[in-house]
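The stops below proceed from one selection to the next.

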Amino acid sequence: LMEKYTFLAVRKNDEYIYVGDENRLSKVKANLPSYGNYDIELDGGIYIGGKSPSLVKGQDFRFSDGGQGTIFLITDLNILVPEVKRIGIQILISFVVIMLLTAILLIYWIYRSIIKPINILKLATNRIKDGDLDTSVRVESDDEIGQLCEDFEKMRIRLKDLIEDRIQYEDDMKEVVSNISHDLKTPLTAIAGYTEGLIDGVADTYQKQDKYLKTISMKAKEMSALVDELALFSMIDSEIVPYSFKKINIHDFFVDCVDDVKIELEVKDIEIEYINKTDKSSFVLADPEQIKRVVQNIISNSIKYMDKEKGKIRLEIKDVITPKGPSDESIQVDIRDNGSGIAINNQPYIFDRFYREDKSRSSNTGGSGLGLAIVKKIVEGHGGKVWVQSEEGHGTKISFTLKKAER
């Protein structure tokens, strides 16, 4: 009881037979209720004010001899109240400290999770507004703000790629316009020259007139082919060319392709060899007109860069070989020549639009640089792939695949 600043007093009739603290009892004795006037249970109590404020709890009972008894628990509030105040102040201080620490942690979390990412987004937005698309947004967070920053970063990369593609396209267009202007100027100059020769009477014999007219016709056809090639690539690049897929007999189709170019190759003293290692009754699903254009463009490219006196071109058809053996799903077409070959540094770019390995643009290798780009677009439009193998000075092999069709 002393630890609770409390003492015990037992009263029998009007006499106190036990007192834990005589001095403190003397200060409150006169205010203690008499027997029968105490209605409060032990868990209640009464307050006694004055110079010695106390909290009194009591209980009446009867002694074995019938005497009236009351037991009191008296707590000195002069000591207890300051102690309670001290504990209350400590609790209040602890609460304030905890709140301050919580507020600091909350502010740090808000800054790290919300304010800092928003500032990064704001900085990146201002940079993008000024045309700088190289400022990345990196936030290590998986919450909504982090996802927003991740989406913004993807948007920045996509926007940068689109702008770079647009710039590259504009550069390519400038180059192709320059190339086509050069390539059109040559036949136009020839046509104008030979036409003036006919008008001025320079071609004064039938043989000269016939030669002039044939030259004019040839140059006009070159111009027409160049314009048609550019228009075709524009449609293919925009994916507006409707493919007319048909079941084509592999052997018969490529025999026709070889026959179509054989005369031109004989004139240029170039030998062509055709080898078919597939089942001659096999079929592919393809647009015959477009695949024939693929073969012609590859062979035309071989002709342009043929530097041997006796040129050779080999067209070979075979089944695609897989780790499990020949495939029943695709065939591979190899077109090999013994021309000048392609430098290893240039090989990754030969299927790019407007790319020309020959930067001098001589009359022998003139063109728009669209031939192999058209090849790639058409082959990929058929679900196949195309690639090149070449050794400088020893020739080039361009291969592509086509899907087989059910018989």
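Select residues 6–12, strand β1, together with residues 68–76, strand β5: the two pair in the antiparallel sense over 7 bridges. Strands here are DSSP runs of E with at least two residues, numbered from the N terminus, and two strands pair if DSSP finds at least two bridges between them. Within this pairing, display Lys 12, whose bridge partner in β5 is Gly 69.

The model is a predicted one, in which local features need pLDDT of at least 70 and side-chain atom pairs count only at pLDDT 80 or more, while totals for chains, interfaces and linings use all residues. Residues are numbered from 1 along each chain as its sequence is written, and side-chain values use heavy atoms, with hydrogens and water left out.

Leu 55 has Thr 75 as its bridge partner in β5. β4 and β5 form a hairpin with 5 residues between them; in the turn, select Gly 66, which has a positive phi of about 90°.

Now move to Asn 249, in strand β6 (residues 246–249). Is Asn 249 buried or exposed? Asn 249 counts as buried because its relative accessibility is 15%, the limit for buried being under 20% relative accessible area (1.4 Å probe, protein chains only). Display the side chain of Asn 249: it reaches the backbone nitrogen of Asp 252 at 2.9 Å and the backbone nitrogen of His 251 at 3.2 Å. Finally, select Lys 280, Ser 281, Ser 282 and Phe 283, which Asn 249 touches (heavy atoms within 4.5 Å), not counting residues up to four places away in sequence.

Definitions and conventions:
Helices (H or I, at least four residues) and strands (E, at least two) are DSSP runs, numbered from the N terminus. Buried means under 20% relative accessible area, exposed over 50%, partly exposed in between (1.4 Å probe, protein chains only). A polar contact is a pair of N or O atoms within 3.5 Å; within protein, one must be able to donate a hydrogen and the other to accept it, and residues adjacent in sequence count only if both atoms are side-chain atoms.
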